[in-house]
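Here is a short report on one protein chain.

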Amino acid sequence: MRKAKRVKVLGWRWRRNELRRHSDAVEAWIVLAAWAFATAGGAVAGVAGAQAVEAAQARSGAAHRPATAVVLGTVPRSTRPATYGRVLANVRWTDAQGTVRTGTAAVPAGTSVGRTVPVWTDGHGHLVDKPASPAVVTARVVMGGTGVGLAGGLFVLAGGRLIRLRVERRATDLWGEEWELTGARWGRRTG
């Protein structure tokens, strides 16, 4: 026995057909509107998310100030590969207000006592990580915008799916009511 091939007809919900219900056309418009709003809304949300990430990165980078610190303690010569050749050491630096501070910073392995190393401070004189490079900032902006855009689009599509399920449930209820009336006219009950 041959297997029947299923033919998919594009736009069948909009075509005139005796078997097409009003809810079929409503569902088609819901799907079309959901995809249109998801595409447009996702793009707008993605751009807004990218701008927010870019602004946060700019604020973070603007708050970092370079300073020169002096190594106070001995620094081991060897380090595990996971630290990329840097170890934590006690350092002393002078902040923008002229206050001498001490703290712990990542310095190259094997740095001798009394050597100067570059460090980064925030607006309050506390040590912070080195600012991100332009390539890292760009990657963060792209990933942030993409993530927000996808999340926004999926949120709209989920809302459209919920509306469509509600329309489908209502159509099924109406269909059941019509069958009840038809069964009563035939003189027997269904189910």
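Is Asp24 buried or exposed? Asp24 is buried, with a relative accessible area of 5%. Buried means under 20% relative accessible area, exposed over 50%, and partly exposed in between (1.4 Å probe, protein chains only).

The model is predicted, so local features need pLDDT of at least 70 and side-chain atom pairs count only at pLDDT 80 or more, while totals for chains, interfaces and linings use all residues. Residues are numbered from 1 along each chain as its sequence is written, and side-chain values use heavy atoms, with hydrogens and water left out.

## Salt bridges

A salt bridge here is a side-chain nitrogen of Lys or Arg within 4 Å of a carboxyl oxygen of Asp or Glu. A search of the whole structure finds 2 of them.

| Arg21 | Asp24 | 3.1 Å |

Take the Arg21 pair. Arg21 has 38% relative accessibility and counts as partly exposed.

Helices (H or I, at least four residues) and strands (E, at least two) are DSSP runs, numbered from the N terminus. H1 covers 22-63. H2 covers residues 134-186.

Why does Glu27 count as buried? Its relative accessibility is 3%, so it counts as buried. Leaving aside neighbours within four places in sequence, Glu27 is in contact (heavy atoms within 4.5 Å) with Arg13, Arg164, Val167 and Glu168.

## The sheet

In what order do the 5 strands of the open sheet lie? The order is E3-E2-E1-E4-E5, with antiparallel pairing. Strands E3 (100-108) and E5 (127-128) stand at the edges. Each has a single partner strand, so one side of each is left without a neighbour in the sheet. Two strands pair if DSSP finds at least two bridges between them. Strands of a sheet pair through backbone hydrogen bonds, either parallel or antiparallel.

Strand E2 (residues 86-94) pairs with E3 in the antiparallel sense over 9 bridges. In this pairing, Val87 stands opposite Val107 in E3. E1 and E2 are also antiparallel, over 3 bridges. Val71 stands opposite Val91 in E2. E1 and E4 pair in the antiparallel sense over 6 bridges. There, Pro66 stands opposite Trp120 in E4.

## The nonpolar core

A nonpolar core is a set of buried Ala, Val, Leu, Ile, Met, Phe, Trp, Tyr and Cys residues joined through side-chain atoms within 4.5 Å. The largest one has 12 residues: Ala67, Ala69, Val71, Val75, Val87, Ala89, Val91, Trp93, Ala105, Val107, Val117 and Val119. Strands E1 (65-71), E2, E3 and E4 (116-121) each supply at least two residues of this core. Which strand gives the most to this core? E2 does, with 4 residues.

Val87 and Val107 are both core members. Val71 and Val91 belong to the core as well.

Trp93 is another core residue. Not counting residues up to four places away in sequence, Trp93 touches Ala67, Thr68, Ala69, Thr99, Val100, Arg101, Thr102, Gly103, Thr121, Gly125 and Leu127.

Trp14 lies in the segment before H1. At 40% relative accessibility, it counts as partly exposed. Beyond residues up to four places away in sequence, Trp14 touches Arg20, Ala28, Trp29 and Leu32.

Trp14, Trp29 and Leu32 make a nonpolar surface patch of about 350 Å². Patches are made of residues with over 30% relative accessible area and no salt bridge; like charges are joined within 9 Å, and nonpolar side chains (Val, Leu, Ile, Met, Phe, Trp, Tyr) within 5 Å. Accessible areas come from the Shrake-Rupley method with a 1.4 Å probe; for residues, only the protein chains shown count as cover.

Two C-alpha distances complete the picture. Trp14 and Gly159 are 145 residues apart along the chain, and their C-alpha atoms are separated by 22 Å. Gly152 and Thr111 are 41 residues apart in sequence and 49 Å apart in space, C-alpha to C-alpha. Gly152 lies in helix H2. It counts as partly exposed, at 22% relative accessibility.
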